Amino acid sequence: KGKCPEDGWDESTIELFLHELAIMDSNNFLGNCGVGEREGRVASGLVARRHYRLIHGIGRSGDISAVQPKAAGSSLLNKLTNSVVLDVIKLAGVRTVTSCFVVPMATGMSLTLCFLTLRHKRPKAKYIIWPRIDQKSCFKSMITAGFEPVVIENVLEGDELRTDLKAVEAKIKALGAENILCVHSTTSCFAPRVPDRLEELAVICANYDIPHIVNNAYGVQSSKCMHLIQQGARVGRIDAFVQSLDKNFMVPVGGAIIAGFNESFIQEISKMYPGRASASPSLDALITLLSLGTSGYKKLLKERKEMFSYLSSELKKLADNHNERLLDTPHNPISLAMSLKNLDETNDAAVTQLGSMLFTRQVSGARVVPCGSVQTVNNYTFKGFMSHANDYPCAYLNAASAIGIKKQDVDVFLKRLDKCLKTFRKEAKQEKSINEISDANAAAEQLED
């Protein structure tokens, strides 16, 4: 049926299935006589076993989705993976998606492929409207494709950074709709930025007949992010949404899924990919989804949501203990932010030092964001880089509840963060005491004089 099984398969069944696929490829035929330049020859037995002897990759020189006659097993693997992944995307919340394919590139380059495909549809267009998110790969995806990003600054609503819809529409009118390649929006992001107002952006795109590409990097694991995409497609226009394989399905980095609601457009994107491609990301995704089954994946999604609530409540307690606060970002379903105002006021370098301390204590993934840092990316200068705004009111620390996180991860992180913050408070007290003693000595000397 081309769907993800409800109950996961055991490893021996998956390996048997992969070996059956592999013996359908010509390089594994007993009497094979290869006289071409690409015959699936592999020098190392270790490499051959690592890939289950599926050596030919996927697609043909002109189309990544095409069937390769001498690699029937690899071609079947590709078709099955795309079908199973489509089933899981529907299960995760985007029920009207019609087509998707796994591409052996991470999210940034996959977005570039989408933009390059749109170039042929809109030859006059040179601009991409981009509500600001301080993440380099999605910004570089537009530059690499040869387009000019038009950065739309976010608006501060409470603690949250949200899409400035008026600024988006004003910029479309100013530049002219025919000169705009697309609107490039984002779902999953670091708090205090929250997912873009996808429904409203989709309506704007439909009204002005402008394509809409969504960066859904790690949004498959969030029912809220997937609901936004589903609703955007229902009320307006979303041409494609791109998500990472590693962030959503816990496989090695190197693959993404390009999905959409118009099958012919998704096929156009797949045909834009030059040459055949590595089968590794497809193989990893298929093995993982067969081992999990839909029940296993749903369980992971449920656990992630529970851990988000736990992380949120515990981080709030810790913040209160240190006279800080958990920023109020209810529209962000994955990432949280805790202010570092007292730390920032005590010592300019303390915020970045906290990041170093956490990293040396084996806490990975937590981001500390100081106020006012400036960064230049491809000749574009961003003020307040990493905070998604020119002047966010305070320095802060990010932590996320992503798929696969365990209670132990949360507990260990909070324990180590608490210890680091106590170290800073102790140092600040000592410095204050030293200053008070120095002031007292100075006053005594003045009296003597």
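Guide: Happy to! A salt bridge here is a side-chain nitrogen of Lys or Arg within 4 Å of a carboxyl oxygen of Asp or Glu, and by this rule the count comes to 17. Please keep in mind that this is a predicted model, where local features need pLDDT of at least 70 and side-chain atom pairs count only at pLDDT 80 or more, while totals for chains, interfaces and linings use all residues. Residues are numbered from 1 along each chain as its sequence is written, and side-chain values use heavy atoms, with hydrogens and water left out.

Let's begin with Lys-121 and Glu-268, whose closest N and O atoms are 3.2 Å apart in a salt bridge. This pair links distant parts of the chain, 147 residues apart: Lys-121 sits in helix α4 (residues 107–121) and Glu-268 in helix α10 (residues 263–272). Helices are DSSP runs of H or I with at least four residues, strands are runs of E with at least two, and both are numbered from the N terminus. To describe cover, we call a residue buried under 20% relative accessible area, exposed over 50% and partly exposed in between (1.4 Å probe, protein chains only). Lys-121, at 45%, is partly exposed, and Glu-268, at 32%, is partly exposed.

Now look at Asp-196 and Arg-193, which form a salt bridge at 2.9 Å, N to O. Here Asp-196 and Arg-193 are both buried. Arg-237 and Asp-239 also meet in a salt bridge, at 2.9 Å from N to O. In that pair, Arg-237 is partly exposed because its relative accessibility is 23%, whereas Asp-239 is buried at 13%. Elsewhere, Arg-132, Asp-134 and Glu-153 are joined in a network of salt bridges.

Next, the surface. Arg-361, Lys-415, Arg-416 and Lys-419 form a positive patch. Patch residues have over 30% relative accessible area and no salt bridge, and like charges are joined within 9 Å. Lys-419 belongs to helix α14 (residues 407–448) and is exposed, at 61%. Arg-361 lies in the loop between α13 (350–360) and β11 (367–369), and its 36% makes Arg-361 partly exposed.

Arg-361 turns up again in an unreviewed UniProt entry, which lists Arg-234, Arg-361 and Lys-426 under "binding site". These three span 193 residues in sequence, and their farthest two C-alpha atoms are 54.9 Å apart, so they do not all gather at one spot. Such annotations may be inferred rather than shown by experiment. Arg-234 lies in helix α8 (residues 223–235) and, at 58%, counts as exposed.

Methods:
Patches are made of residues with over 30% relative accessible area and no salt bridge: like charges are joined within 9 Å, nonpolar side chains (Val, Leu, Ile, Met, Phe, Trp, Tyr) within 5 Å. Accessible areas come from the Shrake-Rupley method with a 1.4 Å probe; for residues, only the protein chains shown count as cover. Lys and Arg count as positive and Asp and Glu as negative; His and the chain ends are not counted. The place of a charge is taken as NZ of Lys, CZ of Arg, CG of Asp or CD of Glu.
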